[in-house]
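Please look over the sequence and the model shown below before reading on.

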Amino acid sequence: MWTISKITLREIITKRIFLITIIMTIVFLALYGTAIYFAGKEAPEMRNAVQSTETFMMQQFVASQLLGVGLYFSSFITALLAIMSSVSSISGEVSSHQIDTWLMRPISRSEFVLGKFFGLAFLMIVYAACLFFSIILLHQGIGVDWMALDFEPLQLIKAVSVFAIQPFVLIAFGLLLSTRMTTLNAGIVAIILYGASFIGGFIEQFGAIIEKASLVNIGIIMSLVFPIDSMYRKMTVFLFDTTDNPLSMAQGGMFTSISTPANIMIWYALLYGAAAVCFSIYSFKNRDV
């Protein structure tokens, strides 16, 4: 199983898509750092102003919005890479007939699936954590004092832990689709569900603002179907510490959560990913290749 994981890691790293992703990630971080630098530089009047309540709220709002933008697109980049790398993990081997070589060796199908999963999940979790802390460091370091937000170490640990659950679930779900669908079909299904998850999340937040329970329930149902957006929202709650905070909307804006996901959603997402892996094993065992 661990041999499969190592080979999977090597295959993904050596693929052109991974190299392109790394290059585009560096470009994204460079653009984000430039935006943060000039945003902090062009606000001397805010830095020198008397820190009234209104000024403080404005500072918190602008700074958290810019940080939220970086984390939002970081989540998007991580998700796309997780989907693209997982939906071809089994179907690609089958279509190229390389699976025949693997199955001739003394390795069970469950070990093959688990090896693929652990290799991909390890790589994507490390990538997600590195991207998360890169955004935080750029925002806190380049954005000068006016842009910096106060974060406790425990806040960052909780936030990055929940942030890393997103690629975990996406890898597990993509692997499940890959055992039954072609790479193209699996990718389409995964991307549509990913987009629907975030649309459901925005509907839930909008429903919470206008106090429409039906809209909130739609978002909750979508979170149960595909708990990706709920993990992003929970990450923002941990990071911005907006739970039971009357100024949460002013500080986090559209990138925080008005309708806060319950802590049980974290366990639900973990069980969701674990169940997807188990179904992947079952599906692949019963597939005629």
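Are Asp-229 and Arg-233 buried or exposed? In this model, which is predicted, Asp-229 is buried, and Arg-233 is buried as well.

## A charged pair

Side chains of opposite charge can pair when their charged atoms come close. The structure holds 1 salt bridge, and Asp-229 forms it with Arg-233, the closest N and O atoms being 3.6 Å apart. Both residues belong to helix α13, which covers residues 229-240, and they sit 4 residues apart, about one turn of the helix.

## The protein as a whole

The protein has 15 helices and 0 strands, and of its 289 residues, 49% are buried. When contacts with a separation of 6 or more are considered, 84% of them are between residues 24 or more positions apart. The accessible surface comes to about 14,200 Å², and carbon and sulfur atoms account for 70% of that area.

## The nonpolar core

The largest nonpolar core has 71 residues, and those with the most contacts inside it are Leu-67, Phe-117, Phe-132, Phe-226, Met-235 and Leu-239. Helix α7, made of residues 109-142, gives the most to this core, with 14 residues.

Ser-74 has its place in helix α4, which runs over residues 53-86, and Ser-74 counts as buried because its relative accessibility is 0%. The side chain of Ser-74 reaches the backbone oxygen of Gly-70 at 2.6 Å. Beyond the neighbours within four places in sequence, Ser-74 is in contact with Phe-28, Leu-131, Ile-135 and Phe-163.

Gln-166 lies in helix α10, which spans residues 165-178, and its relative accessibility is 4%, so Gln-166 also counts as buried. With its neighbours within four places in sequence set aside, Gln-166 is in contact with Ser-75, Phe-198, Ile-228, Met-231 and Tyr-232.

Although Met-265 and Leu-224 are 41 residues apart in sequence, their C-alpha atoms are 8.5 Å apart in space. When neighbours within four places in sequence are left aside, Met-265 is in contact with Leu-224, and also with Ser-223, Pro-227, Ser-230 and Met-231.

Met-24, by contrast, is found in helix α2, and Met-24 counts as partly exposed because its relative accessibility is 48%, which falls between the limits for buried, under 20%, and exposed, over 50%.

## A nonpolar patch on the surface

Which residues form a nonpolar patch on the surface? The patch is made of Ile-17, Leu-19, Ile-20, Ile-23, Met-24, Val-27, Leu-31 and Met-84, which together have about 720 Å² of accessible area. Helix α2, covering residues 16-41, gives the most to this patch, with 7 residues.

How values were computed: Residues numbered from 1 in each chain as written. Predicted model: local features only at pLDDT ≥ 70, side-chain atom pairs only at ≥ 80, totals over all residues. Heavy atoms only, no water. Patch = residues over 30% accessible without salt bridge, like charges linked within 9 Å, V, L, I, M, F, W, Y side chains within 5 Å. Areas by Shrake-Rupley, 256 points an atom, 1.4 Å probe, with all protein chains shown as cover. Salt bridge = Lys/Arg side-chain N within 4 Å of Asp/Glu carboxyl O. Helix = DSSP H or I, 4+ residues; strand = E, 2+ residues; numbered from the N terminus. Buried < 20%, exposed > 50% of the residue type's maximum accessible area, 1.4 Å probe, protein only. Polar contact = N/O pair within 3.5 Å; in protein donor to acceptor, adjacent residues only side chain to side chain. Contact = heavy atoms within 4.5 Å. Core = buried A, V, L, I, M, F, W, Y, C linked by side-chain atoms within 4.5 Å.
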